[in-house]
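I wanted to look up a handful of places in this chain and write down what I found for each. My notes follow in the order in which I looked.

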Amino acid sequence: MKDKLIIGRYLPLDSIIHRLDPRSKFLFVFLFIVVIFFSHDWLAYLWLGIVLYALLKLSRIPLWFLLKGLLPLFFFLSLTFMMHMFLTKGGTRLVEWGIFSIDTYGLQEGTLIVLRLSYIMIISTILTLTTSPLDLTDAFDRLFKPLRYLKVPVSALSMMMAIALRFIPTLMEELDKIMNAQKSRGAALSSGSVMTRIKAFIPLFIPLFISAFQRAEELAIAMEVRGYDANAQRTSYRRLEWLLRDTVALLCIIPIAVVALTIRYII
């Protein structure tokens with residue numbers, strides 16, 4: 001399980017994307033997601049798909065590795081597609097069976113929504129795969145530092161994000177151990193129908209939640225013993241340096257957005 005889910009993982013490769021300042025990557029991903037929400041069109045999504053593929057090549061992340069890591073989210077995407085397929089009406093009626101019916105507009109809307117969610121997950125995963133959790137935390141803290149004047153606990157939020165990213169692979173490893181323990185006791189986790197597998201996974205979450213709460217309590221005690229204060233003013237050992245390449249990388253969102261919005265609203 002821990003090898004199948006790549007959300008929150010970091011690949012220490014040597015690429016142009018890896019060497020960028022985490023603040024520029026954070027801003028680029030945010031603006032790219034905004035462009036995705038405004039690009040609700042087939043050709044616009046084709047253009048954004050080409051951009052995502054180019055980013056994968058620049059970051060040296062294999063496409064199969066990314067798709068394999070996002071495969072556990074296929075159930076969520078399938079459920080989203082089915083909801084739009086059955087609930088969105090319009091266009092030509094294709095299938096009608098009792099209270100259920102499928103229209104062409106429902107299929108189109110479901111496919112576009114799935115593409116939108118897939119692109120958001122892909123660009124976010126590229127960010128986490130090319131940026132270490134510590135760099136992401138520093139970028140978040142630097143970018144939202146002005147909010148401190150509005151009494152927003154930016155340092156506490158940054159610490160929470162760092163802990164959450166750090167705990168994702170830890171929880172996946174813990175879930176893998178629990179699954180192996182259940183299999184050794186004869187639990188059928190990888191056989192039977194889909195509903196049977198779902199029911200078999202439900203008992204796994206009880207020990208997983210208990211283990212997560214125990215780890216959280218141990219971490220809280222350790223931070224309290226060491227005198228951690230989220231509101232204290234502290235310096236940083238790691239220095240972020242914004243270079244010319246970061247400005248160029250961030251400005252690349254302008255032609256990407258222009259092409260996507262031109263396709264969406266003009267062509």
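I began with R60, which I found in the loop between α3 (42–59) and α4 (63–70); helices here are DSSP runs of H or I with at least four residues, strands are runs of E with at least two, and both are numbered from the N terminus. This is a predicted model, in which local features need pLDDT of at least 70 and side-chain atom pairs count only at pLDDT 80 or more, while totals for chains, interfaces and linings use all residues. Residues are numbered from 1 along each chain as its sequence is written, and side-chain values use heavy atoms, with hydrogens and water left out.

R60 counts as exposed because its relative accessibility is 58%, where exposed means over 50% relative accessible area, buried means under 20%, and partly exposed lies in between (1.4 Å probe, protein chains only).

Next I turned to the whole chain, which has 11 helices and two strands. Read along the sequence, the pattern is α-α-α-α-α-β-β-α-α-α-α-α-α. Of the 267 residues, 34% count as buried.

I then looked up aromatic pairs, and a search of the whole structure finds six of them; rings of Phe, Tyr and Trp (its six-membered ring) pair if their centres lie within 6.5 Å, and planes under 30 degrees apart count as stacked, over 60 as edge-to-face and the rest as tilted. One of them joins F26 and F144, whose ring centres are 6.5 Å apart with planes at 85°, so this pair is edge-to-face. The pair links distant parts of the chain, since F26 is in helix α2 and F144 is in the loop between α7 (133–143) and α8 (154–184), 118 residues apart. F140 and F144 also form a pair, a tilted one, with 4.6 Å centre to centre and 40° between the planes.

Is F140 buried or exposed? F140 is buried because its relative accessible area is 16%, whereas F144, at 30%, counts as partly exposed.

My next entry concerns the surface, where F30, L31, V34, F37, F38, L261, Y265 and I266 form a nonpolar patch with about 810 Å² of accessible area together. Which helix supplies the largest share of this patch? The largest share, five residues, comes from α2, and α2 (22–38) and α11 (253–265) each supply at least two residues. I checked F38, which has its place in helix α2 and counts as partly exposed because its relative accessibility is 47%.

Last, I looked up S211, which lies in helix α9 (residues 194–225). S211 is buried because its relative accessible area is 9%.

Over residues 107–129 the chain is 100% helix and 0% strand, with the end C-alpha atoms 32 Å apart. For residues 247–266 I noted 90% helix and 0% strand, and the end C-alpha atoms lie 29 Å apart.

Definitions and conventions:
Patch = residues over 30% accessible without salt bridge, like charges linked within 9 Å, V, L, I, M, F, W, Y side chains within 5 Å. Areas by Shrake-Rupley, 256 points an atom, 1.4 Å probe, with all protein chains shown as cover. Salt bridge = Lys/Arg side-chain N within 4 Å of Asp/Glu carboxyl O.
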